[in-house]
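Open the model in your viewer and keep the sequence panel beside it. The stops below say what to select next and what is there.

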Amino acid sequence: MPAEEFVAGWVSGALGLVLGHPFDTIKVRLQSQNKYRGILDCASQIYRHESVLGFFKGMSFPIASIALVNSVLFGVYSNVLLVLTATPYQERWTHPAMYTDIFLAGCMGGFVQSYCLGPFDLIKVRLQNQTEPRLKPGSPQPRYRGPLHCMASILQKEGVQGLLRGSGTLMLRDTPTLGIYFVTYEWFCRYSTPKGQEPSSTTVLVAGGFAGIASWVTATPLDVIKCRMQMDGLKERLYRGVVHCMASSLRQEGPGVFFRGLTINSARAFPVNAVTFLSYEYLLRWWG
Ligand SMILES: C[N+](C)(C)CCCC[C@H](N)C(=O)O
(Lines give C-alpha, C1' and ligand atoms only; values in the text may rest on other atoms or scores of the structure.)
Protein backbone atom coordinates (compact mmCIF):
# COMPACT_ATOMS: atom_id res chain seq x y z
CA MET A 1 0.00 0.00 0.00
CA PRO A 2 1.58 3.29 -1.05
CA ALA A 3 2.18 4.85 2.35
CA GLU A 4 3.91 7.89 0.83
CA GLU A 5 0.54 9.17 -0.29
CA PHE A 6 -0.59 9.31 3.33
CA VAL A 7 2.54 11.14 4.49
CA ALA A 8 2.39 13.59 1.59
CA GLY A 9 -1.25 14.24 2.47
CA TRP A 10 -0.33 15.04 6.05
CA VAL A 11 2.54 17.46 5.36
CA SER A 12 0.70 19.28 2.60
CA GLY A 13 -2.42 19.57 4.73
CA ALA A 14 -0.49 21.10 7.65
CA LEU A 15 1.11 23.75 5.43
CA GLY A 16 -2.25 24.73 3.99
CA LEU A 17 -3.91 24.76 7.36
CA VAL A 18 -1.68 27.32 9.09
CA LEU A 19 -1.97 29.62 6.09
CA GLY A 20 -5.74 29.44 6.07
CA HIS A 21 -6.61 29.47 9.77
CA PRO A 22 -7.21 33.22 10.22
CA PHE A 23 -9.68 33.14 7.30
CA ASP A 24 -11.31 30.13 8.86
CA THR A 25 -11.87 31.87 12.20
CA ILE A 26 -13.54 34.84 10.48
CA LYS A 27 -15.73 32.43 8.54
CA VAL A 28 -16.86 30.48 11.59
CA ARG A 29 -17.72 33.72 13.41
CA LEU A 30 -19.70 35.09 10.45
CA GLN A 31 -21.63 31.85 10.11
CA SER A 32 -22.57 31.36 13.71
CA GLN A 33 -22.77 34.83 15.23
CA ASN A 34 -24.91 37.70 14.03
CA LYS A 35 -22.94 40.57 15.50
CA TYR A 36 -20.53 41.27 12.64
CA ARG A 37 -21.29 43.48 9.64
CA GLY A 38 -18.95 41.69 7.26
CA ILE A 39 -15.50 40.26 6.74
CA LEU A 40 -13.59 43.47 7.48
CA ASP A 41 -15.70 44.36 10.50
CA CYS A 42 -15.21 40.88 11.89
CA ALA A 43 -11.46 40.93 11.26
CA SER A 44 -11.01 44.32 12.88
CA GLN A 45 -13.12 43.41 15.92
CA ILE A 46 -11.12 40.23 16.44
CA TYR A 47 -7.89 42.18 16.15
CA ARG A 48 -8.99 44.96 18.51
CA HIS A 49 -10.47 42.77 21.23
CA GLU A 50 -8.43 39.62 21.01
CA SER A 51 -5.17 40.65 19.27
CA VAL A 52 -3.55 38.62 16.48
CA LEU A 53 -3.88 35.55 18.70
CA GLY A 54 -7.65 35.75 18.25
CA PHE A 55 -7.25 34.63 14.64
CA PHE A 56 -5.42 31.51 15.70
CA LYS A 57 -7.92 30.26 18.24
CA GLY A 58 -8.68 26.61 17.90
CA MET A 59 -5.67 25.88 15.68
CA SER A 60 -3.67 23.45 17.79
CA PHE A 61 -6.16 20.63 17.45
CA PRO A 62 -6.52 20.87 13.69
CA ILE A 63 -2.71 20.87 13.40
CA ALA A 64 -2.56 17.71 15.49
CA SER A 65 -5.43 16.09 13.65
CA ILE A 66 -4.52 17.15 10.11
CA ALA A 67 -2.05 14.28 10.10
CA LEU A 68 -4.96 11.92 10.34
CA VAL A 69 -7.52 13.86 8.36
CA ASN A 70 -5.59 14.92 5.27
CA SER A 71 -3.60 11.74 5.05
CA VAL A 72 -6.84 9.77 5.18
CA LEU A 73 -8.36 11.96 2.47
CA PHE A 74 -5.43 11.77 0.05
CA GLY A 75 -4.49 8.24 1.03
CA VAL A 76 -7.99 6.83 0.52
CA TYR A 77 -8.44 8.87 -2.66
CA SER A 78 -5.22 7.68 -4.30
CA ASN A 79 -5.65 4.09 -3.21
CA VAL A 80 -9.29 3.86 -4.34
CA LEU A 81 -8.25 5.37 -7.65
CA LEU A 82 -5.49 2.82 -7.90
CA VAL A 83 -7.99 0.02 -7.41
CA LEU A 84 -10.48 1.50 -9.88
CA THR A 85 -7.99 2.26 -12.65
CA ALA A 86 -5.07 -0.09 -11.94
CA THR A 87 -2.70 2.79 -12.78
CA PRO A 88 0.09 3.62 -10.30
CA TYR A 89 0.83 7.24 -9.34
CA GLN A 90 3.89 7.46 -11.63
CA GLU A 91 1.77 6.72 -14.71
CA ARG A 92 -1.10 9.00 -13.77
CA TRP A 93 -0.41 11.63 -16.42
CA THR A 94 0.37 9.22 -19.25
CA HIS A 95 -2.71 7.08 -18.57
CA PRO A 96 -5.29 9.55 -17.29
CA ALA A 97 -8.19 8.13 -15.29
CA MET A 98 -11.86 8.62 -16.17
CA TYR A 99 -13.55 11.53 -14.44
CA THR A 100 -16.23 9.25 -12.97
CA ASP A 101 -13.49 7.18 -11.27
CA ILE A 102 -11.84 10.34 -9.96
CA PHE A 103 -15.19 11.56 -8.65
CA LEU A 104 -15.95 8.24 -6.95
CA ALA A 105 -12.48 8.03 -5.38
CA GLY A 106 -12.83 11.63 -4.13
CA CYS A 107 -16.25 10.89 -2.63
CA MET A 108 -14.85 7.84 -0.87
CA GLY A 109 -11.95 9.90 0.48
CA GLY A 110 -14.39 12.56 1.71
CA PHE A 111 -16.70 10.00 3.29
CA VAL A 112 -13.97 8.24 5.25
CA GLN A 113 -12.27 11.52 6.17
CA SER A 114 -15.45 12.99 7.64
CA TYR A 115 -15.52 10.25 10.27
CA CYS A 116 -12.07 11.24 11.52
CA LEU A 117 -12.72 14.96 11.19
CA GLY A 118 -16.04 15.21 13.10
CA PRO A 119 -14.93 15.58 16.74
CA PHE A 120 -11.85 17.66 15.87
CA ASP A 121 -13.92 20.01 13.77
CA LEU A 122 -16.48 20.39 16.54
CA ILE A 123 -13.80 21.40 19.05
CA LYS A 124 -12.27 23.82 16.56
CA VAL A 125 -15.62 25.51 15.93
CA ARG A 126 -16.48 25.77 19.63
CA LEU A 127 -13.09 27.37 20.41
CA GLN A 128 -13.23 29.72 17.44
CA ASN A 129 -16.58 30.98 18.63
CA GLN A 130 -15.28 32.12 21.99
CA THR A 131 -14.94 35.87 21.83
CA GLU A 132 -13.27 36.48 25.20
CA PRO A 133 -9.77 37.96 24.87
CA ARG A 134 -7.14 35.51 25.98
CA LEU A 135 -4.55 37.63 27.64
CA LYS A 136 -6.42 40.32 29.59
CA PRO A 137 -6.42 39.68 33.32
CA GLY A 138 -9.76 40.27 34.99
CA SER A 139 -11.81 39.72 31.83
CA PRO A 140 -14.49 36.99 31.93
CA GLN A 141 -13.12 33.47 31.65
CA PRO A 142 -14.06 31.67 28.44
CA ARG A 143 -16.16 28.52 28.79
CA TYR A 144 -13.39 26.32 27.40
CA ARG A 145 -9.77 26.76 28.47
CA GLY A 146 -8.30 24.85 25.55
CA PRO A 147 -8.93 21.90 23.26
CA LEU A 148 -8.56 19.18 25.87
CA HIS A 149 -10.70 21.03 28.38
CA CYS A 150 -13.24 21.61 25.62
CA MET A 151 -13.29 17.90 24.78
CA ALA A 152 -13.60 16.89 28.42
CA SER A 153 -16.44 19.28 29.12
CA ILE A 154 -18.36 18.27 25.99
CA LEU A 155 -18.02 14.65 27.08
CA GLN A 156 -19.16 15.51 30.57
CA LYS A 157 -22.13 17.73 29.64
CA GLU A 158 -23.26 16.22 26.35
CA GLY A 159 -21.82 12.69 26.43
CA VAL A 160 -20.10 10.82 23.58
CA GLN A 161 -23.08 11.81 21.42
CA GLY A 162 -22.05 15.41 22.04
CA LEU A 163 -18.64 14.87 20.47
CA LEU A 164 -20.35 13.68 17.31
CA ARG A 165 -22.63 16.70 17.06
CA GLY A 166 -22.68 17.90 13.46
CA SER A 167 -20.77 14.84 12.18
CA GLY A 168 -23.65 13.62 10.01
CA THR A 169 -23.93 17.03 8.35
CA LEU A 170 -20.17 17.08 7.92
CA MET A 171 -20.35 13.80 6.05
CA LEU A 172 -23.12 15.12 3.79
CA ARG A 173 -21.03 18.22 3.18
CA ASP A 174 -17.78 16.45 2.37
CA THR A 175 -18.68 13.33 0.42
CA PRO A 176 -19.85 14.92 -2.85
CA THR A 177 -17.78 18.09 -2.55
CA LEU A 178 -14.49 16.24 -2.26
CA GLY A 179 -15.45 14.36 -5.43
CA ILE A 180 -15.83 17.79 -7.05
CA TYR A 181 -12.48 18.83 -5.51
CA PHE A 182 -10.41 16.14 -7.24
CA VAL A 183 -12.35 16.34 -10.53
CA THR A 184 -11.71 20.11 -10.75
CA TYR A 185 -8.04 19.62 -9.96
CA GLU A 186 -7.56 16.94 -12.62
CA TRP A 187 -9.62 18.77 -15.18
CA PHE A 188 -7.61 21.97 -14.81
CA CYS A 189 -4.28 20.13 -14.92
CA ARG A 190 -5.22 18.26 -18.09
CA TYR A 191 -6.69 21.36 -19.72
CA SER A 192 -3.47 23.36 -19.25
CA THR A 193 -0.90 20.63 -19.93
CA PRO A 194 0.07 19.04 -23.26
CA LYS A 195 -1.13 15.41 -23.42
CA GLY A 196 0.98 12.86 -21.56
CA GLN A 197 3.15 15.43 -19.73
CA GLU A 198 3.27 16.24 -16.04
CA PRO A 199 1.65 19.58 -15.12
CA SER A 200 4.01 22.45 -14.24
CA SER A 201 4.20 23.89 -10.70
CA THR A 202 2.16 26.92 -11.72
CA THR A 203 -0.52 24.69 -13.18
CA VAL A 204 -0.60 22.58 -10.01
CA LEU A 205 -0.90 25.73 -7.87
CA VAL A 206 -3.73 27.22 -9.91
CA ALA A 207 -5.51 23.87 -10.32
CA GLY A 208 -5.31 23.28 -6.55
CA GLY A 209 -6.61 26.79 -5.89
CA PHE A 210 -9.58 26.33 -8.22
CA ALA A 211 -10.28 22.86 -6.83
CA GLY A 212 -10.49 24.41 -3.36
CA ILE A 213 -12.84 27.15 -4.54
CA ALA A 214 -15.13 24.76 -6.47
CA SER A 215 -15.31 22.44 -3.51
CA TRP A 216 -15.97 25.18 -0.95
CA VAL A 217 -18.56 26.98 -3.07
CA THR A 218 -20.60 23.79 -3.31
CA ALA A 219 -19.97 22.93 0.34
CA THR A 220 -20.93 26.30 1.83
CA PRO A 221 -24.71 25.74 2.34
CA LEU A 222 -24.09 22.57 4.36
CA ASP A 223 -21.09 24.19 6.01
CA VAL A 224 -23.37 26.83 7.54
CA ILE A 225 -25.79 24.17 8.77
CA LYS A 226 -22.97 22.03 10.15
CA CYS A 227 -21.56 24.96 12.05
CA ARG A 228 -24.95 25.73 13.59
CA MET A 229 -25.54 22.12 14.54
CA GLN A 230 -22.14 22.07 16.24
CA MET A 231 -22.91 25.18 18.28
CA ASP A 232 -26.37 23.89 19.16
CA GLY A 233 -26.77 22.39 22.59
CA LEU A 234 -24.51 24.91 24.33
CA LYS A 235 -27.46 26.70 25.93
CA GLU A 236 -30.82 25.27 24.94
CA ARG A 237 -31.29 22.96 21.94
CA LEU A 238 -32.64 24.94 19.00
CA TYR A 239 -32.65 22.30 16.27
CA ARG A 240 -34.21 18.86 16.10
CA GLY A 241 -31.97 17.78 13.23
CA VAL A 242 -30.34 18.85 9.92
CA VAL A 243 -33.61 19.45 8.08
CA HIS A 244 -35.07 21.41 10.96
CA CYS A 245 -31.92 23.52 11.19
CA MET A 246 -32.09 24.24 7.44
CA ALA A 247 -35.78 25.12 7.58
CA SER A 248 -35.56 27.40 10.58
CA SER A 249 -32.40 29.17 9.34
CA LEU A 250 -34.17 29.73 6.01
CA ARG A 251 -37.35 30.98 7.64
CA GLN A 252 -35.59 33.36 9.97
CA GLU A 253 -32.82 34.69 7.76
CA GLY A 254 -33.87 34.06 4.14
CA PRO A 255 -32.01 32.07 1.45
CA GLY A 256 -28.90 34.24 1.79
CA VAL A 257 -28.10 32.37 4.98
CA PHE A 258 -26.84 29.39 2.95
CA PHE A 259 -24.14 31.53 1.42
CA ARG A 260 -22.77 32.98 4.61
CA GLY A 261 -19.04 32.79 4.60
CA LEU A 262 -18.91 32.05 0.85
CA THR A 263 -16.53 34.91 0.00
CA ILE A 264 -14.20 34.19 2.86
CA ASN A 265 -14.34 30.45 2.20
CA SER A 266 -13.28 31.04 -1.40
CA ALA A 267 -10.59 33.55 -0.45
CA ARG A 268 -9.17 31.03 1.99
CA ALA A 269 -9.61 28.06 -0.32
CA PHE A 270 -7.35 29.32 -3.10
CA PRO A 271 -4.03 29.70 -1.25
CA VAL A 272 -4.70 26.79 1.12
CA ASN A 273 -5.40 24.26 -1.59
CA ALA A 274 -2.81 25.63 -4.01
CA VAL A 275 -0.17 24.94 -1.34
CA THR A 276 -1.74 21.62 -0.39
CA PHE A 277 -1.66 20.21 -3.93
CA LEU A 278 1.75 21.63 -4.81
CA SER A 279 3.39 20.11 -1.75
CA TYR A 280 1.49 16.85 -2.24
CA GLU A 281 2.62 16.46 -5.85
CA TYR A 282 6.18 17.48 -5.06
CA LEU A 283 6.57 15.13 -2.13
CA LEU A 284 5.32 12.25 -4.26
CA ARG A 285 7.56 13.11 -7.21
CA TRP A 286 10.50 13.43 -4.89
CA TRP A 287 9.87 10.00 -3.39
CA GLY A 288 8.74 8.57 -6.73
C1 LIG B 1 -15.02 19.60 1.14
N2 LIG B 1 -14.55 20.84 1.71
C3 LIG B 1 -15.01 21.93 0.85
C4 LIG B 1 -15.19 21.03 2.96
C5 LIG B 1 -13.11 20.85 1.93
C6 LIG B 1 -12.26 20.80 0.70
C7 LIG B 1 -10.82 21.20 0.86
C8 LIG B 1 -10.08 20.67 2.02
C9 LIG B 1 -8.93 21.49 2.45
N10 LIG B 1 -8.18 20.82 3.47
C11 LIG B 1 -9.34 22.86 2.97
O12 LIG B 1 -9.39 23.03 4.17
O13 LIG B 1 -9.63 23.77 2.17
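At what angle do helix α4 and helix α5 pack, and how far apart are their axes? Select residues 99-128 for α4 and residues 147-163 for α5: the angle is about 120°, and the axes are 11 Å apart. Axes here are lines fitted to C-alpha atoms, for helices over the stretch in contact, and angles run from 0 to 180 degrees between N-to-C directions. α4 is therefore oblique to α5. Angles under 35 degrees count as roughly parallel, over 145 as roughly antiparallel, 65 to 115 as roughly perpendicular, and the rest as oblique.

Before going further, note that this is a predicted model, in which local features need pLDDT of at least 70 and side-chain atom pairs count only at pLDDT 80 or more, while totals for chains, interfaces and linings use all residues. Residues are numbered from 1 along each chain as its sequence is written, and side-chain values use heavy atoms, with hydrogens and water left out. Helices (H or I, at least four residues) and strands (E, at least two) are DSSP runs, numbered from the N terminus.

**Stop 1: the α4 and α5 contact**

Stay with this pair of helices. The crossing of α4 past α5 is right-handed; a crossing is left-handed if the near helix is turned anticlockwise from the far one by less than a right angle, and right-handed if clockwise. On the α4 side, show Gly 118, Pro 119, Leu 122, Ile 123, Arg 126 and Leu 127. On the α5 side, show Pro 147, Cys 150, Met 151, Ile 154, Glu 158, Gly 162 and Leu 163. Contact means heavy atoms within 4.5 Å. Coloured by class, the contact of α4 with α5 has nine nonpolar, two polar and two charged residues. Ala, Val, Leu, Ile, Met, Phe, Trp, Tyr, Cys and Pro count as nonpolar, Asp, Glu, Lys and Arg as charged, and the others, Gly among them, as polar.

Lys 57 and Pro 147 are 90 residues apart in sequence, and their C-alpha atoms are 9.8 Å apart in space. Lys 57 is buried, at 5% relative accessibility. Buried means under 20% relative accessible area, exposed over 50%, and partly exposed in between (1.4 Å probe, protein chains only).

**Stop 2: aromatic rings**

Next, select the aromatic side chains. Rings of Phe, Tyr and Trp (its six-membered ring) pair if their centres lie within 6.5 Å; planes under 30 degrees apart count as stacked, over 60 as edge-to-face and the rest as tilted. The count comes to 13 aromatic pairs by this rule. Zoom in on Tyr 77 and Phe 182: their ring centres are 3.6 Å apart and the planes are at 5°, so this pair is stacked. Tyr 77 lies in α3 (residues 60-85) and Phe 182 in α6 (residues 167-191), so the pair ties together parts that are 105 residues apart in sequence. Tyr 77 is buried at 6% relative accessible area, and Phe 182 is buried at 1%.

Now move to Phe 210 and Phe 270, an edge-to-face pair with 5.7 Å centre to centre and 85° between the planes. Phe 210 is in α7 (residues 201-231) and Phe 270 in α9 (residues 262-287), 60 residues apart. Phe 210 is partly exposed at 39% relative accessibility, and Phe 270 is partly exposed at 30%.

To see a cluster linked by ring pairs, select Phe 74, Tyr 77, Tyr 181, Phe 182, Tyr 185, Phe 277 and Tyr 280.

**Stop 3: α7 and α9**

Show both helices whole. α7 and α9 pack at about 135°, with their axes 6 Å apart. That makes α7 oblique to α9. α7 passes α9 in a right-handed crossing. The residues of this contact divide into 16 nonpolar, eight polar and four charged.

**Stop 4**

Leaving aside neighbours within four places in sequence, Glu 186 is in contact with Tyr 77, Arg 92, Trp 93, Tyr 99 and Ile 102.

Ser 249 is in α8 (residues 242-253) and is buried at 1% relative accessible area.
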